Amino acid sequence: MRRVAVVGTGYPKHKSRWEEEGLTGLVYLAATEALEDAGLEPADIEAVVYGSSPELLTGINHPEKWCSEASFSVGKPQFRIHTGGTVGASTGIAAFYFVASGMFDIVLAVTGDKNSESPVQYGLSTVYDPIIGRQFACGAPSAVALQALEYMYKFGATEEHGAKIAVKNRINALRNPKAHLHIEGINLEMVRNSPMIASPIRLLDACPASDGAAAMIFVSEEVAKKLSAPKAWVNGVSAVTEGVMYVDRDMTDPIALKKAAKTAYTQAGVTNPFKEIDVAELYEAFSYQEMIWYEGLGFCERGEGMKLIDEGSTFMKGIDYGFETPRAGELPVNPSGGVLSSNNIGSTAMIRQIEASMQVRDKAGEHQVDGARVALAHGWGGGIQFHTVMILGREPA
Amino acid sequence: MAEPVKEIKGRLIIPYRWSYGRSLSLFFEHTRVEKKIYGARCTKCKRVLVPPVVVCGRCFAPTEEEWVEVADRGELIAWTTVYYPFPGQPTQPPYTYGYVLLDGANTKFPHLIMEIEPEKLKPGMRMEAVWNEDRKGDLYDIKYFRPEQK
């Protein structure tokens, strides 16, 4: 397998409604920004991998067709990837496979969605099977509410833990100009007072629905060496699926994530993730999930995710969150603001990979973690079903 | 000049017919005719899967060789009260639904939970199915679950 680097990334500012751009325009914006960042031209792209969320959300069946010009796919192989919320990460991983296999040297991975264009939770409810599952669903929040409640009863996590994560990622977002939500003055009180959607999940425990797009350029080592753009080396990649029979799983024990993490860590030579990873971008569509993912990723033992919140280990150093975070900066999670601050679904998991790349390429601006050398990007999707892990490094493993 | 037109409105109305497959078809025949809940036992790990699936996700072994009746009652595992209204919901929010681990089953069964204030729910609480008089061979052959009546 060949070494692969990310040499360019782009995503436009996310917002609730992009009036001045349709889906094709957003995809074009993202792809163009990634190419400029890499110092490449559209003609340099050899193959395109396109990812987006379930079709019902946009109402356009196989949208990659609609976006073939905007994604510079004409005259080249173009493939669509779809794995629910994970799709952005799966799209990046597929592009990585294309380059690592030796088939292509320069591959564009691009994703986009406009959640403003339909009743998004209605579309999300159709993700559940129509015979046993869809009947009670309330889009994504209800399934995660059950996961969160089970976690709280099992391990003693409280609403306060959820609220602290909601505040952490929203305050981080204030330093990311591309994040959708910029909630000035966000604090625990505001989370506590926000309306209940599906108990225990309140409105501010949940991600927004955004319009946006994202793009990444994956290249072979040979090409990377010729480019002056800083590199993020893809040192570990894994994607693991759980069964669709969601009633047959302990949702507080993400076995797919554990397996994905183990594989990616082995590839990247990570033996102590909490110590060796400098920054992580996780797919926390709902606040409580972040703690469960900490455990799945081996940042701590099972049932101890809330400790990292109590101690503040996953908070950014030097930021006042309005409560004590004595160990801030040990392993900052979601300096970009995370999924709680931007979520168009199609690009969301790719933005985790983009943000992790930006950190090791020293391009994260105001939300840069100083000296980040190893970054982790996580993706989650399906009915609490798919997990992906990518380890990006300033140097190749 | 007037404001430019910025969007076009549309609507998809798509009727579907989803096949149960023989396994779920048999499952709903038992609920409809007998008010009984059956699961399929995995031929390898021997766990009883309710609702039945044709292949066990853990063993990749077939399940359908053995059908096992399970109770229409069991333990409450997790629940949520949904407050947020949107199209496609079964009933007007707020409503509560959750997972019940039926006696004799190894998997959690999802359904509405009624006849109790959500604040009074506890994990491990005993719940029982309330059957519908008018059963059509679908998930609503059971109306909802409620705390077990002594």
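Predicted model: local features only at pLDDT ≥ 70, side-chain atom pairs only at ≥ 80, totals over all residues.
**Note on chain B: helix 1 and the overall fold**

1. Next, the length of the helix. Helix 1 of chain B runs over residues 21–34, which is 14 residues. At 1.5 Å a residue it should span 20 Å, and its end C-alpha atoms are 20 Å apart, so the two agree.

2. Now the buried side. B:Leu24, B:Phe27, B:Phe28 and B:Thr31 are the buried residues to look at in helix 1 of chain B. They cover an arc of only 90° around the axis, which means that they sit on the same side of helix 1. The packing partners of the buried residues of this helix are strand 1 (37–41) and strand 8 (142–147) of chain B.

3. The other face. Turned away from the buried side of helix 1 of chain B are the exposed residues B:Arg22, B:Ser25, B:Val33 and B:Glu34.

4. Fold outline. Chain B has one helix and eight strands. In sequence order the pattern is α-β-β-β-β-β-β-β-β. The radius of gyration of chain B is 20 Å, whereas the globule rule gives 15 Å for 150 residues; the value is well over the rule, so chain B is more spread out than a compact globule. Its C-alpha trace spans about 75 × 40 × 30 Å along the principal axes.

5. Burial and contacts. Of the 150 residues in chain B, 31% are buried. Among contacts in chain B with a separation of 6 or more, 47% join residues 24 or more positions apart.

Note on methods
Residues numbered from 1 in each chain as written. Chains lettered and ligands numbered in written order. Helix = DSSP H or I, 4+ residues; strand = E, 2+ residues; numbered from the N terminus. Rg over C-alpha atoms; globule rule 2.2 N^0.38 Å. Buried ≥ 20, exposed ≤ 12 C-beta atoms within 10 Å, placed from the backbone. Contact = placed C-beta atoms within 7 Å. Expected span 1.5 Å × (residues − 1). Arc of directions from axis to C-beta.
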